[in-house]
Amino acid sequence: MIVSDIQDAINTQIKNEYYSSYLYLSMAAYCETKNYPGFASWLRNQSDEELDHAMRLYDYILDRDGKVILEAIDQPPSEFGTLEEMFEEVLEHEKEVSSMINNLYELALSHNDHATSVELQWFIQEQVEEEKTASDLVEQIKQADGNKAALLMLDREVNGGATETSE
Ligand code: MG
């Protein structure tokens, strides 16, 4: 059985992962309207991955005989400015998620809940990848410096998988 503090915090994190999924799905739609199908596809994949994260936590609560309580998901924005601004937002968002996971981890440690600590180690490593991937994309978009041809080439590369995407 899992202590209620930790159960509540994991339930909130399930919602946070769903919000990430929603945010990236909204960004994907925005990229479609701006004619960046490669970035749109990349973001849709990210959105799917966030659902996997949510379900991993959902299954974990059930495995520990806890109670899953689904919280309301906030509405994401629908406008994201330039491609560079949008990916800066992706990076900032991933940094926020990392700090949420770190807080959860500290909560598990404070309760000597070793099973939850081990479960969260996967998420801590995943966040290292997520931040690196987002940061690499921000750098590449910055290098394009608003040049339309360079951005379209990057859009094609991201779509073709030439730019590394996270697991
Ligand atoms: Mg996630």
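Q: Is Ser-135 buried, partly exposed or exposed?
A: In this predicted model, Ser-135 has a relative accessibility of 27%. Buried means under 20% and exposed over 50%. Because its value falls in between, Ser-135 counts as partly exposed.

Q: What distance separates the C-alpha atoms of Ser-135 and Leu-91?
A: Ser-135 belongs to helix α4. Along the chain, Ser-135 and Leu-91 are 44 residues apart. Their C-alpha atoms are separated by 6.1 Å.

Q: Which element gives the largest share of the largest nonpolar core?
A: This core comprises 26 residues, and those with the most contacts inside it include Met-27, Phe-39 and Met-86. Two or more residues come from each of α1 (4-33), α2 (37-63), α3 (83-110), α4 (114-144) and α5 (148-160). The largest share, 7 residues, is that of α1.

Q: Which residues is Met-86 in contact with, leaving aside its neighbours within four places in sequence?
A: Met-86 is among the residues with the most contacts inside the largest nonpolar core. With those sequence neighbours left aside, the contacts of Met-86 are Met-27, Tyr-30, Cys-31, Leu-43 and Phe-80.

Q: Why does the pair Glu-17 and His-53 tie together parts that are 36 residues apart in sequence?
A: Glu-17 and His-53 are both buried. The pair ties these parts together because Glu-17 lies in helix α1 and His-53 in helix α2.

Conventions:
Residues are numbered from 1 along each chain as its sequence is written. This is a predicted model: local features need pLDDT of at least 70, side-chain atom pairs count only at pLDDT 80 or more; totals for chains, interfaces and linings use all residues. Side-chain values use heavy atoms; hydrogens and water are left out. A nonpolar core is a set of buried Ala, Val, Leu, Ile, Met, Phe, Trp, Tyr and Cys residues joined through side-chain atoms within 4.5 Å. Buried means under 20% relative accessible area, exposed over 50%, partly exposed in between (1.4 Å probe, protein chains only). Helices (H or I, at least four residues) and strands (E, at least two) are DSSP runs, numbered from the N terminus. Contact means heavy atoms within 4.5 Å.
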